[in-house]
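Reader: I am new to this one. Please show me the structure, and then I will ask.

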Amino acid sequence: MLKVDVIEKGTVVDHIKAGKGAKVLKLMGIGEDYPYRVALMMHVPSKKTKEKDIVKIAERMITEKEANIIALISPGATINIIEEGKVKKKYTVDLPEKLEGNGICPNPNCITRSEKDVEQRFAKEDSNYRCHYCERVFKAEELV
Amino acid sequence: MDLISIRDLNKETVGEILDLANDVADGKKKPDLKGKIIATLFFEPSTRTKLSFQSAAMRTGMSDLDFLADLSSLKKGESFADTIKTVEGYADILVVRHKKEGSARLAADMSEKPVVNGGDGGNQHPTQTLIDLFSIRRMKGKIGELNVTLMGDLKHARTMRSLLYGLSMFGANVTLISPKGLEMDPEYIKEVEEKFKVKVKTKNEPEFRDADVLYVCRIQAERFADPYEAQSVMKKFRLMKSDLEGTKKELIILHPLPKINEIDAEIDKMPQAKYFEQAHYGVPLRIAVIDYVLRK
């Protein structure tokens, strides 16, 4: 049984879609120069989804914007905010109805890709997102 | 109001614009917009859209600010957004054409003045769609229940996607004919079918005997990797006089223009050829659009 120490303060993202844990770290800007403890567990057995990834990041509180982005690549992931060794706040991220200031339109001919300072905007349609500007529809994870 | 995408319009609004265009075309209404200024901001080339907007503006008494991209501060590196924010202070309505998709929406979001999309890359060209609907309704008396065939490169032509949307809004029976590999995105067809509860037929062969309206668009040779295939496909889909044998007597043929060689010149003289009349309807339709968006 794989065992990873608890963290005193930081963020645990659980129930990440298997294989996407490394991407969660990347999205949070956690790289090789991050000076605190980080754990990435991949393909961990899960009752709900057969397998999942988990990340634990010491001394780093996830922002709302980061949580919204994680929702795009892994809806259903659980965010745990840890303080003094205890879960202070816990919530599940899901695909938001609207995305404003988050995500990047993958259409290279979209005006948002060439014009500076344009806030990205998407509206959810079923489980996809339509760009407010170019009107094209993309899978949620394509926006990351 | 802004006019950016056919997706923003409902059947009632489209109907009001078409009714107004009809009255303008018949000389029953003549909007008086003297004292108003239109800015035609075309960041890429255009013949019909730009000239018909300018003609429409002149016929209502408006003045036109003609933006020439090559002679503007774009050459000094000014952004699209800054250009829009500047020009909105000089005019009452802005018509924008730009190669980037979503450019007109961005202009509308930034401008207090009404913005009309004159074509944004491969995305939308709503006034062309309105001209197409207007032409069909004026020539055939209705849109709903007509058999309308759209033929050509349906994958890349922006006008065809918007037109399918507009035709389906009015309940036309649409058939899409395109060479293999140049079919319209099936996801888009599905979206239209679900939204308007219609069934869209698709084919890869140029067969349109049951059509009331045949709408042709270009197939560009550069879309094919193999020049021989390009040549044979373009020949197969080139509309010849002989292709009209056995078609409905009252068939009308439309085309957004410019046409290059997808319709044989002999057809231009036939009564079915309505594409120049369709292009001329750009003026009354755009008079209606300018008047409508300035009032709403």
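Reader: How many salt bridges does the rule find across the interface of domain 1 of chain B and domain 2 of chain B?
Author: This is a predicted model: local features need pLDDT of at least 70, side-chain atom pairs count only at pLDDT 80 or more, and totals for chains, interfaces and linings use all residues. Residues are numbered from 1 along each chain as its sequence is written, chains are lettered from A and ligands numbered from 1 in the order in which they are written, and side-chain values use heavy atoms, with hydrogens and water left out. A salt bridge is a side-chain nitrogen of Lys or Arg within 4 Å of a carboxyl oxygen of Asp or Glu. Across this interface of chain B, the rule finds 3 salt bridges.

Reader: Which residue meets Arg138(B) in a salt bridge?
Author: The contact joins two side chains, N to O, at 2.8 Å. The partner of Arg138(B) is Asp26(B).

Reader: Where do the bounds of domain 2 of chain B lie?
Author: Domain bounds come from an automatic or database domain assignment. Domain 1 of chain B takes 6-124 + 281-295. Domain 2 of chain B takes 126-279.

Reader: Why is helix 2 of chain A largely enclosed by the rest of the structure?
Author: Helices (H or I, at least four residues) are DSSP runs, numbered from the N terminus. Buried means under 20% relative accessible area (1.4 Å probe, protein chains only). Glu66(A) and Ile69(A) are among the buried residues of helix 2 of chain A. This helix, residues 64-73, is largely enclosed because its buried residues number 7 of the 10.

How values were computed
Buried < 20%, exposed > 50% of the residue type's maximum accessible area, 1.4 Å probe, protein only. Helix = DSSP H or I, 4+ residues; strand = E, 2+ residues; numbered from the N terminus.
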